[in-house]
Amino acid sequence: MAQTESLLRATRKNWPAYLYLLPAALVFAAFVIYPIGRAAVWSFTDLSLLDPASARYVGWDNYRAILSDEDVGLDPKTLADWRSMFRAGDDPARPTWKRWLTFDWPGGAVWNTVKFTVLFLPVYVIIPLIIAAMLDHVRTGSVFLRTVIFIPVIISVAVASVIWIILYNPNYGIFNLAIALVRDALNWIVGLVSTNEAYFTFTGPNWLGDRLWAMPAIAFMCFWNGMGLNVLLYLVGLNRIDSELYEAAVVDGATPRQQFLRITLPLLRPTTYLVVLLSLIGSLRVFGQMWIMTEGGPQDSTVSYVMYLYRVAFHPTRDFEFGYASALAFVLAAVIFVLTACTQRFSRAVEQ
Amino acid sequence: MTVGKRPIISYTLLIVIAIAGIVPFTWVIYGSFMPRSDIDAGRLWPSDGTDGFTLANYRLTFDKLQGFDLYYRNSLLLAVGGTFLVLLAGSLAAFALARYRFLGNRLIFLIFLLTIMVPAEVTLMGQFDLLLATGLYSTLTGLCLSYVAGNLVLTIFLMRNVFAGIPNDVIDAAAIDGASRWQVFWQVCMPIGANGLSACAILTFLNIWNEFTFALTMTVTDKAMTLPVGITLLQGQWSVTHSGALFATVMMSFVPMALVFVLLQKYFVRGLTAGAVKG
C-alpha cells in the first residue's frame with residue numbers, strides 16, 4: 001500500500017473494495033439509514049399508518065405536542081403538580097414529604113423513567129464496584145464466583161421478566177412465602193407466652209400490582225439481570241491498575257481504605273464514566289421489563305418513555321401514529337446524544 | 001483493597017451475593033417439580049396428600065407445547081444465521097475499510113460510527129413500514145435482515161481495528177506469493193483475526209438471542225416468533241391455566257442457555273470484555 005499515490009489512482013486500483021463493502025452497505029442502508037431518514041421526515045407530519053394517504057406536513061407541531069401531552073408529563077398541569085411537590089402541601093393526609101417517599105410522584109412517561117433511573121442507577125453503578133473490588137482480591141475460587149455472578153447477564157430481558165413474575169407472585173412467589181414464614185415464626189414465639197395464636201396477620205404486598213412497589217420491584221429485577229456486566233467492566237478496569245502502586249502505598253503505610261480512595265477510585269475513573277453512561281442510556285431506554293411484567297400498570301405508573309413511544313406507534317388503542325412516535329424517538333435520541341457529549345466533555349475536563 | 005486484609009469477610013459477602021443471584025433460577029427449577037396444587041396453595045414442599053415431587057408439569061408442557069418448540073427453533077435459526085451473516089458481511093466491509101485506500105473510505109466508516117449514537121427506537125417505525133411494504137413482515141427473513149443491520153457496526157468497528165493492526169509485511173508477502181485480494185482476506189486476514197471474530201460472534205449471538213423490542217414489533221404469528229416474545233405469551237397462558245406448567249416452561253427457557261454459558265464461560269467473558277471496552 002503505497003501511501004504516496006493519489007487517491008484517485010488508488011481508488012481505480014482498489015475498486016474491488018466497493019464490492020467487499022456492498023453487502024454490509026446494502027443491508028445497512030435499507031434497515032438503518034433509510035428508516036432513520038423516514039422517521040426524520042415523518043416526525044414533521046401527522047402520519048397515521050391507518051390512513052397514510054391523508055398525512056400532511058405539520059412543521060414542528062409533533063415536537064410541540066410532546067410538551068402538552070399529559071401522558072409524557074411535560075405539560076403545564078403536570079409541571080404545576082411538580083412545583084407543588086416542593087411546597088408544604090395543604091392536604092394534611094398526604095403531605096408532600098410522604099408523596100416523595102412513597103414515590104407518589106406526578107405521572108407521565110418521562111417521570112416514570114426518571115423514577116426508574118433514580119431507583120436503579122445508583123445501586124447499579126455502586127454495588128458492582130464493591131463486588132469487583134472484592135473479587136479482585138480473591139484468589140481461590142474467583143473463576144467460580146465470577147461465573148456465578150455473571151450468569152444472570154446471559155438471561156434475556158424477556159426470560160428474566162418471566163422468572164421474576166413468578167418470584168413476585170403474591171400467592172406462590174418467593175418473597176411473599178418468605179414473609180409468611182417470618183410471620184409464622186413470630187406467631188409461634190408469641191404463642192409461647194400467650195393464647196393468641198394469630199397475633200401477626202401481615203402478608204406480603206402484591207408487588208407488581210401495587211403502585212408503591214411495582215417500580216422498585218422492576219428496578220430490582222433489572223439490577224439482578226444486568227449487575228454482572230458492570231462487575232465485569234469494573235474488573236477489566238481494575239486489571240489495568242498497576243499493582244506496584246499498591247505495593248508502594250503499603251510501604252508508605254497507607255491503610256486499605258486510603259488505598260481504595262486514593263488509588264483505586266481515581267484510576268478507575270474512565271471505567272466509571274463508561275459504566276455510568278452505559279447504565280444511564282440503558283435505563284432511559286427501558287421497555288421490555290415493564291411491558292412484560294406490568295404492561296405499564298397499575299394506573300400507568302410503570303409506563304416508561306420507550307413504552308409510551310411503542311404504545312403511540314403500535315398499540316391498538318392508538319392509531320399507529322408514526323408521525324408523533326417518530327418525534328418522540330428523535331427527542332430520546334437527542335437526550336442520549338447530549339448526555340453522551342456531556343459525559344465525554346466532563347470526563348476530559350476532570351482528567352486534565 | 002478495603003478488604004484486602006480480611007479475605008474472610010469478602011469471601012462470605014461474595015458467596016452470599018452469588019447464592020442470592022442463583023436463587024431465582026433454583027426457585028423456578030424446584031417449583032417445576034412440585035405438584036400444581038401445592039404451588040397454588042403456597043406450600044414450600046409437597047404436602048402429604050400428593051405423590052410428592054413429580055414430572056407431571058413436564059408431561060403437560062410437552063403434551064401441549066403451544067409453539068414452544070417453534071419459538072426455540074426460530075430463535076436458534078435467527079441467532080446462528082444472523083451471526084453468520086453479520087460476521088461475513090461485517091468482516092468483508094472491515095477488511096475493505098482497514099486495508100484499502102479508495103474514495104469515500106473515511107466517510108463510509110464515519111456514517112457507520114455515527115449511527116451507534118442513534119438509539120434503535122428511531123429505526124423501529126421505518127423498519128416496520130419497510131417490512132410491510134416488501135412482504136417480509138412477520139417472516140424470519142425480515143427479522144434476520146433487521147438483526148443483521150442492527151449488529152453490523154460492532155463487528156465492522158472491532159474487525160477494522162484488528163485488520164488494521166496486521167503488519168503490512170504480512171500482506172505484502174502474501175501478495176508477492178501471488179495471493180489474490182480474496183485470498184489475502186480469506187486465508188491471511190481472517191485466520192489472524194480469529195480471536196476478534198469469536199468475540200464478535202458471541203456478542204452478536206447474545207444480542208440476537210435476547211432481542212425483544214424488534215421481535216415484538218415485527219412478528220404476529222407463531223411462524224416467525226422468537227423465544228423472548230413467545231415465552232411472554234406462554235407465561236400469560238400458563239399462569240392462568242396451570243402454574244406447574246408455567247414453572248416447567250420457564251425453566252426450559254433458561255436452562256439450556258445457562259448450561260451453554262457455564263461450559264463456554266471463558267469465551268463468553270472474553271468476548272463481552274472485548275465488546276465492552278470498545279467505547
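The crossing in which H4(B) passes H7(B) is right-handed. Sorted by class, the residues in the contact of H4(B) with H7(B) comprise 21 nonpolar, seven polar and two charged residues.

The chain to which this pair belongs is built from helices, with 14 helices and zero strands in chain B. Its C-alpha atoms occupy a box of roughly 80 × 65 × 35 Å when taken along the principal axes. The radius of gyration of chain B is 24 Å, whereas a compact globule of 279 residues would have a value near 19 Å. With regard to confidence, the mean pLDDT of chain B is 89, and 94% of the residues of chain B reach 70 or more. Where pLDDT is low, the predicted coordinates should not be read in detail.

Chain A likewise contains helices and zero strands, the number of helices in chain A being 16. The radius of gyration of chain A is 26 Å, well over the 20 Å that the globule rule gives for 352 residues, and chain A is therefore more spread out than a compact globule. Along the principal axes, the C-alpha trace of chain A extends over about 95 × 70 × 40 Å.

Within chain A, helix H15, residues 305-314, and helix H16, residues 322-351, have axes that come within 8 Å and cross at roughly 160°. Because angles over 145 degrees count as roughly antiparallel, H15(A) and H16(A) are assigned to that arrangement. The crossing of H15(A) and H16(A) is left-handed. On the side of H15(A), the contact is made by A:Tyr305, A:Leu309, A:Val312 and A:Ala313, which meet A:Phe322, A:Tyr324, A:Ala325, A:Leu328, A:Ala329 and A:Leu332 in H16(A). By class, this contact has ten nonpolar residues, with no polar and no charged residues.

For the complex, the predictor gives an ipTM of 0.89 and a pTM of 0.91. Between the two chains, 79 residues of chain A are in contact with 80 residues of chain B. On the side of chain A that touches chain B, helix H2 of chain A, residues 16-42, gives the most, with 17 residues. The residues on this side of chain A divide into 65 nonpolar, eleven polar and three charged.

One of the helix pairs that join the chains consists of H2(A) and helix H6 of chain B, residues 121-134, which pack with their axes 7 Å apart at an angle of about 105°. This angle falls in the range of 65 to 115 degrees, so H2(A) is roughly perpendicular to H6(B). In H2(A), the residues that take part are A:Ala30, A:Phe31, A:Val32, A:Tyr34, A:Pro35, A:Ile36, A:Arg38, A:Ala39 and A:Trp42, and they meet B:Val122, B:Thr123, B:Met125, B:Gly126, B:Gln127, B:Asp129 and B:Leu130 in H6(B). By class, the contact of H2(A) with H6(B) has eleven nonpolar, three polar and two charged residues.

Definitions and conventions. Residues numbered from 1 in each chain as written. Chains lettered and ligands numbered in written order. Predicted model: local features only at pLDDT ≥ 70, side-chain atom pairs only at ≥ 80, totals over all residues. Left-handed = near helix turned anticlockwise from the far one by under 90°. Helix = DSSP H or I, 4+ residues; strand = E, 2+ residues; numbered from the N terminus. Nonpolar A, V, L, I, M, F, W, Y, C, P; charged D, E, K, R; others polar. Contact = placed C-beta atoms within 7 Å. pLDDT = per-residue confidence, 0-100. Rg over C-alpha atoms; globule rule 2.2 N^0.38 Å. Axes fitted to C-alpha atoms, helices over the stretch in contact; angles between N-to-C directions. Parallel < 35°, antiparallel > 145°, perpendicular 65-115°, else oblique.
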